[in-house]
Amino acid sequence: MGLRSLGTIRKNRLMGCTLEEDRDLLRRGRGRSDFRVDNDANLAVVKWADNKTVTLVSSCASVIPVGQVRRYSKEEKKKISVPCPKIVSEYNTHMGGVDLADMMIALYRTPAKSHRWYLALFWQMVDIAVNNAWLLHRHDAAPLGQKHNCLKAFRLDVAKGHYPEKQKRGCPSKGNEDNTPPRIIKQPKVPRPVDDMRYDGIDHFPIVSVKGRCRMCQDGQTSIVCQKCKVRLCIVTGQNPRNCFHSFHCQ
């Protein structure tokens with residue numbers, strides 16, 4: 001399927017692939033290896049001798065090029081150079097990815113319980129996709145000189161982008177009758193979409209809805225609504241033209 005894979009494999013899973021015995025390979029010395037290659041299946045199986053033998057299989061790496069690793073020798077009482085196949089160095093570099101993914105999912109798992117077993121698989125894939133998106137966000141933030149969000153804040157932004165908060169209904173508060181200093185509103189009454197969705201430039205189409213106040217200008221009344229952001233934005237022509245729809249979606 002074009003996916004690059006690499007990992008360890010047990011002896012009883014080799015399906016008839018015969019490799020050198022462990023004791024014979026260890027007798028030849030540390031760093032020795034034996035391998036088999038299946039060109040039809042595009043697989044390489046390598047057994048490498050370190051303190052013990054380890055067998056690896058890969059669709060993207062084999063023995064060549066052979067590098068060097070430092071290992072401590074009990075006989076010489078110091079570290080020595082030991083030949084190391086390419087497949088072993090690649091495994092040591094990328095090992096632990098599945099364990100790390102499980103750890104990240106366990107931090108903020110989607111709390112969705114159901115008797116339908118396939119929903120558990122669906123939410124597991126959703127959690128994996130969100131975590132992978134956060135890793136890309138963290139990777140791309142450094143070259144841009146930006147500080148990346150933590151995983152919890154990133155998941156909250158994703159949730160707000162898909163399920164924006166609804167406007168609370170109720171009677172408006174009374175005016176300032178006793179000359180007390182007004183309260184500072186830290187958050188607007190109608191929450192705006194998150195910046196990543198607001199400025200992404202994808203699927204922001206104007207549609208006609210119920211007439212109401214524009215979100216960009218104070219006195220504008222419009223029936224144009226952004227289909228994605230769910231906010232009213234006016235487009236006016238004439239002596240004082242303005243395009244709040246365009247201004248709202250541009251940084």
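Mentor: A contact means heavy atoms within 4.5 Å. Among contacts in the protein between residues at least 6 apart in sequence, 39% join residues at least 24 apart. This is a predicted model, where local features need pLDDT of at least 70, side-chain atom pairs count only at pLDDT 80 or more, and totals for chains, interfaces and linings use all residues. Residues are numbered from 1 along each chain as its sequence is written, and side-chain values use heavy atoms, with hydrogens and water left out.

Trainee: What makes Asp50 and Arg30 a salt bridge?

Mentor: The rule asks for a side-chain nitrogen of Lys or Arg within 4 Å of a carboxyl oxygen of Asp or Glu. Here N to O is 3.1 Å, so the pair qualifies. Asp50 lies in the loop between strands S3 (43–49) and S4 (53–58), and Arg30 in the loop between helix H1 (22–28) and strand S2 (33–38), so the pair ties together parts 20 residues apart in sequence. Helices (H or I, at least four residues) and strands (E, at least two) are DSSP runs, numbered from the N terminus.

Trainee: Why is Asp50 called buried?

Mentor: Buried means under 20% relative accessible area, exposed over 50%, partly exposed in between (1.4 Å probe, protein chains only). Asp50 has 17%, so Asp50 counts as buried.

Trainee: Why does Arg30 count as partly exposed?

Mentor: Arg30 has 27%, so Arg30 falls in the in-between class.
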